[in-house]
Structure formats: structure tokens, C-alpha cells
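Let's take a walk through a protein model together. Have the picture open and follow along as we go.

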Amino acid sequence: QVQLVESGGGLVQAGGSLRLSCVASGSIFRINAMGWYRQAPGKQRELVATITSGGSTNYADSVKGRFTISRDNAKNTVYLQMNILKPEDTAVYCCAADGTVLAGTIFATWGQGTQVTVSS
């Protein structure tokens with residue numbers, strides 16, 4: 001079983017920055033893609049950014065130029081550096097990962113999420 005635990009959320013003023021972290025643990029053999037998603041109250045969950053094991057990244061148009069996703073494969077950790085935050089970035093941010101466990105089966109899992117609140 002693979003678990004994801006996020007940290008780094010909080011309350012910040014518009015224009016400020018936050019850095020989210022997500023650590024994967026368990027019987028991991030390999031992690032393929034890792035990513036961040038967010039869900040604001042009354043809205044559907046949306047993709048924020050993803051990163052492959054090779055470092056290729058993809059971003060939602062709304063965060064391009066402001067957010068940067070990165071990962072440390074040795075630590076099974078993915079980060080999301082969020083700059084120039086806006087009130088519309090307020091949401092619960094969840095990380096996701098997929099890959100293979102030691103037993104050879106495929107996993108795809110989500111973290112519990114961390115709240116990000118941006119005040120105007």
C-alpha cells in the first residue's frame with residue numbers, strides 16, 4: 001500500500017508564496033507520474049500540474065508562470081512552489097501518484113489534501 005502525505009498549506013495574502021510538499025511512502029518500487037490537483041468549494045477538482053519520472057511537466061493555463069512543480073525521486077517527494085498567489089487559487093490541494101509496488105502491481109493513489117487560502 002502506498003500513502004501520500006501533503007504539507008505546506010496555509011493562509012497567505014494575495015501576491016505571496018507557498019511551497020507544498022507531498023511524500024510518498026510504502027512498498028514502492030517505482031513512481032511514474034506525480035501531480036497536484038485542487039478543488040475549490042462548489043467546484044470540480046482540477047489539474048494544477050504534473051511531472052513525470054523523467055522531469056517532463058504540464059501545467060494548467062491558470063498557473064503557468066506562477067507555479068513550479070518539481071520532484072526528488074530519491075525521496076519520493078513532489079513539490080509545488082506557488083508564487084504570486086491569487087484569491088482564486090484558494091482550494092484544497094491534493095497530490096497524486098501512480099507507479100508500481102514491490103509486489104509488481106500498479107498503484108494510483110491520492111493524498112488527503114492541504115488547504116491553501118489566499119486573502120485579498
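Are Cys22 and Cys95 buried or exposed? Both of them are buried. Keep in mind that we are looking at a predicted model.

## The disulfide

A search of the whole structure turns up 1 disulfide. It joins Cys22 to Cys95, with an S to S distance of 1.8 Å. This pair links distant parts of the chain: Cys22 sits in strand E3 (residues 18-26), Cys95 sits in strand E9 (residues 91-101), and the two are 73 residues apart.

What about Cys94? That residue is in no disulfide, and its nearest cysteine sulfur, the one of Cys95, is 7.6 Å away. For a disulfide, the two sulfur atoms would have to be within 2.5 Å. Cys94 is buried too, with a relative accessible area of 11%.

## An open sheet

Next, find the open sheet of 4 strands, which has the order E1-E3-E8-E7 and antiparallel pairing. Strands E1 (2-7) and E7 (67-72) stand at the edges with a single partner strand each, so one side of each has no neighbour in the sheet. From one strand to the next, the twist averages 15°.

Inside this sheet, E3 and strand E8 (residues 77-82) run antiparallel and are joined by 6 bridges. As a bit of background, strands of a sheet pair through backbone hydrogen bonds, either parallel or antiparallel.

## Two hairpins

Strand E4 (residues 28-39) pairs with strand E5 (residues 46-51) in the antiparallel sense over 5 bridges. E4 and E5 form a hairpin with 6 residues between them, and Gly42 in the turn has a positive phi of about 75°.

E5 also runs antiparallel to strand E6 (residues 57-59), joined by 3 bridges. Here Thr50 has Asn58 in E6 as its bridge partner. This makes another hairpin, with 5 residues between E5 and E6, and Gly55 in its turn has a positive phi of about 100°.

## The nonpolar core

Which residues touch the most other members of the largest nonpolar core? They are Trp36, Leu80, Met82 and Tyr93, out of 32 residues in that core. E1, E3, E4, E5, E7, E8, E9 and strand E11 (114-119) each supply at least two residues. The largest share, 5 residues, comes from E9.

Leaving aside its neighbours within four places in sequence, Leu80 is in contact with residues including Leu20, Trp36, Val48, Phe67, Ile69 and Tyr93.

## Charged pairs

Side chains of opposite charge can pair when their charged atoms come close. How many salt bridges does the structure hold? The structure holds 4 salt bridges. Arg38, Glu46, Arg66 and Asp89 are linked in a network of them.

Arg38 meets Glu46 in a salt bridge (2.6 Å, N to O). Glu46 is partly exposed, with a relative accessible area of 36%, whereas Arg38 is buried at 6%. Arg38 also forms a salt bridge with Asp89, their closest N and O atoms being 3.0 Å apart. Arg38 lies in strand E4 and Asp89 in the loop between E8 and E9, so this pair ties together parts that are 51 residues apart in sequence. Finally, look for Asp61, which forms a salt bridge with Lys64 at 3.1 Å between the closest N and O atoms; Asp61 is exposed, with a relative accessible area of 64%.

Note on methods:
Residues numbered from 1 in each chain as written. Predicted model: local features only at pLDDT ≥ 70, side-chain atom pairs only at ≥ 80, totals over all residues. Heavy atoms only, no water. Pairing = 2+ DSSP bridges. Buried < 20%, exposed > 50% of the residue type's maximum accessible area, 1.4 Å probe, protein only. Axes fitted to C-alpha atoms, helices over the stretch in contact; angles between N-to-C directions. Core = buried A, V, L, I, M, F, W, Y, C linked by side-chain atoms within 4.5 Å. Contact = heavy atoms within 4.5 Å. Salt bridge = Lys/Arg side-chain N within 4 Å of Asp/Glu carboxyl O.
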